[in-house]
Amino acid sequence: MKDNRFYQHRMAIKALCDQKNVTVDVGSRIYAHDRGWANYTQELNEWDALCIKYMRDKSKGLADLFR
C-alpha cells in the first residue's frame with residue numbers, strides 16, 4: 001500500500017473531502033482527476049478496498065485511516 005498514490009495522499013484527500021463536503025470515494029476520484037493522474041484504476045481499487053476494510057472493522061473506523 002506504500003506505493004499507492006491514494007494512500008500516500010490520504011491527508012490531502014481528507015482535506016478535499018472536508019472542503020467539498022463529499023465522501024472519500026468521490027473525493028479520491030476528484031483528487032486524482034485534478035492532478036491529472038493516469039492509469040490509477042488498480043490503485044483506486046486497492047484504496048477503495050482499504051477504506052471498506054476500515055469501515056467494516058469492529059475496532060477501527062474510517063477516521064483511523066486518516067491519522
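Biologist: What is the relative accessible area of Arg29?

Modeller: The model is predicted, so local features need pLDDT of at least 70 and side-chain atom pairs pLDDT 80 or more, whereas totals for chains, interfaces and linings use all residues. Residues are numbered from 1 along each chain as its sequence is written, and side-chain values use heavy atoms, with hydrogens and water left out. With a 1.4 Å probe and protein chains only, buried means under 20% relative accessible area, exposed over 50%, and partly exposed in between. Arg29 is partly exposed, because its relative accessible area is 34%.

Biologist: Which residues does Arg29 touch, not counting residues up to four places away in sequence?

Modeller: Arg29 lies in helix H3, helices being DSSP runs (H or I, at least four residues) and strands likewise (E, at least two), numbered from the N terminus. Contact requires heavy atoms within 4.5 Å. On that basis, and with residues up to four places away in sequence left out, Arg29 touches Leu44 and Asp48.

Biologist: How many charged residues does the contact of H3 with H4 have?

Modeller: Val24, Asp25, Ser28 and Arg29 of H3 meet Leu44, Trp47, Asp48 and Cys51 of H4. Ala, Val, Leu, Ile, Met, Phe, Trp, Tyr, Cys and Pro count as nonpolar, Asp, Glu, Lys and Arg as charged, and the others, Gly among them, as polar. By class, the contact has four nonpolar residues and one polar, and its charged residues number three.

Biologist: How are H3 and H4 oriented to each other, roughly parallel or roughly antiparallel?

Modeller: Axes are lines fitted to C-alpha atoms, for helices over the stretch in contact, and angles run from 0 to 180 degrees between N-to-C directions. The axes of H3 and H4 are 11 Å apart, at an angle of about 155°. Angles under 35 degrees count as roughly parallel, over 145 as roughly antiparallel, 65 to 115 as roughly perpendicular, and the rest as oblique. H3 and H4 are therefore roughly antiparallel.

Biologist: At roughly what angle do the axes of H2 and H3 cross?

Modeller: Ala12, Ile13, Leu16, Cys17 and Lys20 in H2 meet Val24, Gly27, Ser28, Ile30 and Tyr31 in H3. The two axes come within 9 Å and cross at roughly 110°.
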